[in-house]
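Take a look at the sequence and the model below. Then follow the text through them, one part at a time.

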Protein chains: 2
Amino acid sequence: MQRELLSRKAACNAHGQDSSYFLGWQEYENDPYDPISNPKGMIQMGLAENQLCFDLIETWLEKHPQAGGFKRDDGKRIFQELALFQDYHGLPAFKNALAKYMAEVRGNGVRFDPSKLVLTAGATSANEILMFCLAEPGEAFLVPTPYYPGFDRDLKWRTGVEIVPVLCSSSNGFRITRAALDAACRRAQERRLRVKGVLVTNPSNPLGTALACGEIDALLDFVSSRDDLHLVSDEIYAGAAPEGFVSVAEVAAASASTAGRVHIVCSLSKDLGLPGFRVGAIYSEDEGVVSAATKMSSFGLVSSQTQYLLAALLGDGEFTGSLTYFPIYIYIDRSTTFEAEMEIWKKIVYQVRLNISPGSSCHCDEPGWFRICFANTSEETLEIALDRLKIFIDSYQSSDTKGHNTSREFIKWVSHFSSSEFKSER
Amino acid sequence: MQRELLSRKAACNAHGQDSSYFLGWQEYENDPYDPISNPKGMIQMGLAENQLCFDLIETWLEKHPQAGGFKRDDGKRIFQELALFQDYHGLPAFKNALAKYMAEVRGNGVRFDPSKLVLTAGATSANEILMFCLAEPGEAFLVPTPYYPGFDRDLKWRTGVEIVPVLCSSSNGFRITRAALDAACRRAQERRLRVKGVLVTNPSNPLGTALACGEIDALLDFVSSRDDLHLVSDEIYAGAAPEGFVSVAEVAAASASTAGRVHIVCSLSKDLGLPGFRVGAIYSEDEGVVSAATKMSSFGLVSSQTQYLLAALLGDGEFTGSLTYFPIYIYIDRSTTFEAEMEIWKKIVYQVRLNISPGSSCHCDEPGWFRICFANTSEETLEIALDRLKIFIDSYQSSDTKGHNTSREFIKWVSHFSSSEFKSER
């Protein structure tokens, strides 16, 4: 009866809420760690967000009270103007500042034209809008593994678009190759799915690595092999990129054959740690995509109050120049089976009380990988998390009679992050 | 090639951007009236929003600078907490305040449980989410005519849901009857569309009238005639309701047979005049709808910064008690043909330079109706609009040789709103 009454989308589990990724989150929400009121509670290491720049933002806010207080620099009120502003093209001042910030984060190797930006209520919405614009229900996008577990919801749930995984392997550091893309195409063909493009995360979530130039070339080469293929590069971790990061936008700008078929997704949730403000964006050279996506943004516009504040914040070169970024999560390996991976994961979530994400929730083709985020907690909390991990590893090793060499990578990782060198970096 | 490259949704015109409703808006955006810099520009009378309570909100903001400035009442900073807040259940303080406000606007005839509220980035998104939850692509919702032109975009575009109009007639004041609902069902059957429910606006946009109790009864009776039908009541103009307004929520609360199949849509865009802040909500007694809609709200959450400000504003009983509401648009008749309606509309838009909405853009079954909004301009601008209308009417009447008795209703309306009685009401 319930199935009949509600739509299949509403009644089914395609949202992915039952994946271990979301289960870990639920555990955290039910019992969040607090140093005083809940010292045995769950520590959140499943959230790849940068909480380390708040001191800079708060200092800025103290110096610029008008930006939050509905005043212009000249003291004039701007409440009414903002309250009524609902143009889906966005506040020009904010789009200009965002385009400038996007270029800065990418080392100014590429510039962005504000008129080709579409504002969305977070990258979640940006990715869904691109699927609505680029594919019919029942058509497919290729996504390299391991991939962010939320994509099963964001890309597929309401659009009816399918994901065909591009199977990557640790043997070459999970690099994307033309052979892997072609193999995914063949599997799509077997499923009778028309492929409309590839969606990658750069830097990769969960790998934490940047696409190598050779990988971007392989992707653009693949896209140019047919005239109806697109490349979506979700670059919401651009600011957290490791050395050597190159935006797909930079390489694509030089490639005439794929012009208009490369689309970039951005967000302020990760690099600036502002997920609550719901600010994402699509950048595309294709007028049709910009036009359709702008109309679709009606279903999730960014609050004008928030646009106004961030226009002032990101428009301030002194502030953005003061930011430094670093990786905010890593992906580590302990080589085992998928069953053992889940066993370890359950112990870490339910006993050690740390929310980390297992590789299987990221559709990783190989067992034994975990994503661990460390930039969203205070230094004190991170130390407690590392202490808990050390105790767990010691007890697990002594009980591990199968000789799996269980926790070598874990121990290496825990040691690195406990080191004074890492602490001083922070 | 473009059709092939992009999806049909992106390439087609189903967004409805080419309707006269949106064309009038575009004209306004290209040439907006300003008393000093553009006195011959277009005056916006196509926007049914209340811009008359800004003085109250601005006074409140002066008294409560902490609400906009990321401070608690005790002066403590709350920036970091808000920046990170992305729980799709919303800020509890905001949901409590919103539930209280929704009850107040409805004369406290019904109370709302905050746990049954789903926050969305505006009512645009709320209505689309309900369609995603309640119907499959290719299934239909009945919508009484005349209806808000944006529904062709909001309800149909991305969901694939169809609208079957319930044809209402001026002969009974466009009232919704069971006979009209049954007739619409028969037309749906002819189109081989399965009907999943009815969506109404209460008060009606564009009529400006409230549903009579008899109409709500007819709607609930219709919904209870099958166990898979829903009633969606879009009540975003509840605060602007004329005398006698009763929320569908109030009647539905007493009707066991339709429990869980009545869903209310709310917004702060109209009554409080805050469309830029993107705050809408779904209220439902059905747990499955609340759960699925909450997950779908990930694609358009409300900025936590905005939730925090509005929690303080709407939570302040002294402020909400000081608000008075009144109708913010009317629908007027000048009895003619659809061709003549478009001719008049073009003259008013392109020559008189007022953006009003023709009945045909609202799928009105009868020609000659217009929606004119008067609460979104200053008193001075409204006077200029009325002056322009008077001049137009005089010249039109003298050239109207067909004896259409063209502008009787226009003149009555212009006279009423020019009267000192109306001015003192404002």
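This is a predicted model: local features need pLDDT of at least 70, side-chain atom pairs count only at pLDDT 80 or more; totals for chains, interfaces and linings use all residues.

Residues are numbered from 1 along each chain as its sequence is written, chains are lettered from A and ligands numbered from 1 in the order in which they are written, and side-chain values use heavy atoms, with hydrogens and water left out.

Start with the two chains. Two copies of a chain are related by a rotation about an axis and a shift along it. Here, a rotation of 180° with 0.0 Å of shift along its axis superposes chain B on chain A, with an RMSD of 0.0 Å. The same surface serves both copies: 100% of the contact residues of chain B recur in chain A. Among the residues of chain B, Gly300(B) comes closest to the rotation axis, its C-alpha at 2.1 Å.

How many residues of chain B are in contact with chain A? The count is 76, and they touch 76 residues of chain A. Contact means heavy atoms within 4.5 Å. The area buried between the chains is about 6,800 Å², and carbon and sulfur atoms give 57% of it. Buried area is the accessible area (1.4 Å probe) that two parts lose on being put together, summed over both. Phe79(B), Arg158(B) and Phe299(B) supply 12% of the area that chain B buries against chain A, more than any other three residues.

Now turn to chain A and strand 3, residues 140-144. Helices (H or I, at least four residues) and strands (E, at least two) are DSSP runs, numbered from the N terminus. Is strand 3 of chain A buried or exposed? Five of its five residues are buried, so strand 3 is largely enclosed by the rest of the structure. Buried means under 20% relative accessible area, exposed over 50%, partly exposed in between (1.4 Å probe, protein chains only). In a regular strand the side chains alternate between the two faces of the sheet. Ala140(A), Leu142(A) and Pro144(A) point one way, Phe141(A) and Val143(A) the other.

Strand 3 of chain A has parallel partners. Five bridges join it to strand 4 (residues 162-166), and three join it to strand 5. Two strands pair if DSSP finds at least two bridges between them. Leu142(A) stands opposite Val164(A) in strand 4, and its bridge partner in strand 5 is Val198(A).

Strand 5 (residues 195-201) of chain A also runs parallel to strand 6, over five bridges. Strand 6 spans residues 230-234, and five of its five residues are buried. Strand 6 in turn pairs with strand 7 (residues 262-267) in the parallel sense, over four bridges. Asp234(A) stands opposite Thr201(A) of chain A and opposite Val265(A) in strand 7.

Finish in chain B. Ile356(B) is found in the loop between strand 10 (354-355) and strand 11 (357-358). At 2% relative accessibility, Ile356(B) counts as buried. Leaving aside neighbours within four places in sequence, Ile356(B) is in contact with residues including Met45(B), Trp345(B) and Phe370(B). The C-alpha atoms of Ile356(B) and Gly24(B) are separated by 7.1 Å, though 332 residues apart along the chain.

Definitions and conventions. Copies are superposed by least squares on the C-alpha atoms of residues with pLDDT of at least 70 in both.
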